[in-house]
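Please take a moment to look over the sequence and the fold together before reading on.

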Amino acid sequence: PKNGLNCIDNGFLIFKNYRIPAENLLNKLATIDEKGNFMPKIKNPDKRFALSLGALSGGRQLLSLGTLATFRNALVIGVRFSAARRQFGPPNEQETAILEYPIVQQRLIPFVASLFTHWFGTNSMNNIWSVSYTHLTLPTIYSVQI
C-alpha cells in the first residue's frame, strides 16, 4: 500500500508466453504491424514517454489537493485550540490565550504562511491543468506540469 493511502491496492499481472490478439491491443500511441514490428505514432521516444506519463497527471493533481485539504484542517484545529486555550494570566485577571504568546506564534504562523502559498500554487496548477487538458495536446500538458 502507498503511505497514507491504505485504501489504494496496487497489483500486477504477469503474462508468460501469452499472445494477445492484435485487435485487442490498446494502440493509442503505437501499434504492431502484421510482421510484429513496433510502429510508434510519435517517433520521438521522449515525447512518447511524456504522453504515457501524462495520463497519471490528473491523479497527481487530486492527490495534492487532498493532502492540502488535510493540512488546512489540521492547521485550523491547531489555531482554534491555541486561541481558545487560556493559561498563565496576570494576577486577578483573565488568563491569556496561548495564541498570544510569541513562542506559539513563531510555531504556528510559518505553517499558516506555508498553507497559503501551497494553496494558491496548487489551485493555480489545477486551473492550468483544467484548461490545458481540454485545449492542448498531451505533450504540451506534460511540459506545463513540470
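Helices (DSSP runs of H or I, at least four residues) and strands (runs of E, at least two) are numbered from the N terminus, and the expected span of a helix is 1.5 Å times one less than its number of residues. This is a predicted model, in which local features need pLDDT of at least 70 and side-chain atom pairs count only at pLDDT 80 or more, while totals for chains, interfaces and linings use all residues. Residues are numbered from 1 along each chain as its sequence is written, and side-chain values use heavy atoms, with hydrogens and water left out.

Helix 2 has 28 residues and reaches 41 Å from its first C-alpha to its last, close to the 40 Å expected at 1.5 Å a residue. Its buried residues (buried means under 20% relative accessible area, exposed over 50%, partly exposed in between, with a 1.4 Å probe and protein chains only) are Ser-57, Gly-58, Gln-61, Leu-68, Leu-75 and Ser-82.

Leu-115 is in contact (heavy atoms within 4.5 Å) with Leu-68, Phe-71, Arg-72 and Leu-75, leaving aside its neighbours within four places in sequence.

Strand 4 holds Thr-96, which counts as buried because its relative accessibility is 19%. Leaving aside neighbours within four places in sequence, the contacts of Thr-96 are Arg-85, Arg-86, Gln-87, Phe-88, Gly-89, Pro-90 and Tyr-101.

Turning to backbone angles, most residues other than glycine have a negative phi. Asn-92, however, has a positive phi near 60°; this residue lies in the loop between strand 3 (86-87) and strand 4 (96-97), and counts as exposed because its relative accessibility is 83%. Asn-17 likewise has a positive value, with phi near 55°, and is found in the segment before strand 1, where its relative accessibility of 78% makes it exposed.

Leu-13 is also placed in the segment before strand 1 (30-32), and this leucine is exposed, because its relative accessible area is 71%.
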